[in-house]
Amino acid sequence: MPRIAYVDGVYRPHAEAAVHIEDRGYQFADGVYEVIAIRGGKLVDEELHLVRLRRSLMELRIEGALADAPLKFVLREVIRRNAVVDGIVYLQISRGIAPRDHAFPKAARPILVVTARRTRPVNPTQVDEGVSVITIPDIRWQRCDIKTISLVANVLGKQQAREAGAYEAWMVDGEGHITEGTSTNAWIVTADNQIVSRGADHHILDGVTRQALIALLRRGGYNFVERPFTVTEAKAAREAFLTSTTSDLLPVTSIDGQPVANGAPGLLTQKLRADYLAHVAESA
Ligand code: PDD
């Protein structure tokens, strides 16, 4: 079955789908995106993704994008045409097509692209043994809360992780605090069993997985706090883990080559992973 992509109002064979060379997403990374998980044919936490999408569009002052109802229809149509039951749907909205000029064009209208694909389930070894992270300086801009398609610093960071044999790179700000991973949020559990996530300031993306987990933590009465934490604190943590749409919740068992605690996934992490997967199964 050929893959189908949606580009600005048209469903096209994936291999032929293309945007204009003067799409501002292509020239300036002037656009936003979302990645939503599909489980059992349903979109996981779709509303939270759409709320974040609207916020990103508002922050970049991109006006006139497709409204939620028709957008939801397109997402479902792309998922259906690609027969994706378990996978991801990707959507991207750029400011539009116009002769290259930094300031907003007067006439352009936003261009929506949607693709969907199957994904393999999370690797059981990564769940059983955990994954490793390295720490690198956070060289990104001051508005990482906006989910823009401008990801080159994240790309360089992830590549550095791969070349170091690590799953992820945790980025570190000027004060020595971990901001987040290149495509995941970072968490630790302290020696006194406090679950810590940096607050959703301008230096991290407020992950939908993070938001869903926080709701579960609050409902479950867990000892949870939002505050920045340092690399030193992370290395001394009892447990560590990461979250994202594509990684769910994975234990982090090594930071910069040093084992986290005894180097095995923490019990609390395993419990939270089970809680999160139950939430996904419920919403799907
Ligand atoms: N990345 N932080 C960054 C920088 C991210 O790019 C992502 C998601 C997250 C986690 O967000 P969420 O829980 O909503 O997936 C945190 C997506 C998956 C990507 O770029 O592919």
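A residue counts as near a molecule if one of its heavy atoms lies within 4 Å of it. With that in mind, welcome to these close-ups of a predicted model.

**View 1. The surroundings of the ligand.** Here 18 residues surround the ligand.

View 2. Start with Glu 180, where an N or O atom of the side chain is 2.7 Å from a nitrogen atom of the ligand. Next comes Arg 52: an N or O atom in its side chain is 2.9 Å from an oxygen atom of the ligand. Ser 183 takes part through its backbone, with a polar atom there 3.5 Å from a nitrogen atom of the ligand.

**View 3. Helix H2 against helix H3.** Helix H2 covers residues 46-59 and helix H3 covers residues 68-81. The two pack at an angle of about 125 degrees, and their axes are 12 Å apart. Because of that angle, H2 is oblique to H3. The crossing of H2 past H3 is right-handed. On the H2 side you will find Glu 46, Glu 47, Leu 50, Leu 53 and Arg 54, which meet Asp 68, Leu 71, Lys 72, Leu 75 and Arg 76 in H3. This contact is made up of 4 nonpolar and 6 charged residues, with no polar ones.

**View 4. Helix H6 against helix H8.** Now turn to helix H6 (residues 208-219) and helix H8 (residues 267-283), whose axes lie 10 Å apart at an angle of about 105 degrees. H6 is therefore roughly perpendicular to H8. From H6, Thr 209, Ala 212, Leu 213, Leu 216 and Leu 217 meet Leu 272, Asp 275, Tyr 276 and His 279 of H8. The residues of this contact divide into 6 nonpolar, 2 polar and 1 charged.

Note on methods
Residues numbered from 1 in each chain as written. Predicted model: local features only at pLDDT ≥ 70, side-chain atom pairs only at ≥ 80, totals over all residues. Heavy atoms only, no water. Axes fitted to C-alpha atoms, helices over the stretch in contact; angles between N-to-C directions. Helix = DSSP H or I, 4+ residues; strand = E, 2+ residues; numbered from the N terminus. Parallel < 35°, antiparallel > 145°, perpendicular 65-115°, else oblique. Left-handed = near helix turned anticlockwise from the far one by under 90°. Contact = heavy atoms within 4.5 Å. Nonpolar A, V, L, I, M, F, W, Y, C, P; charged D, E, K, R; others polar. Polar contact = N/O pair within 3.5 Å; in protein donor to acceptor, adjacent residues only side chain to side chain.
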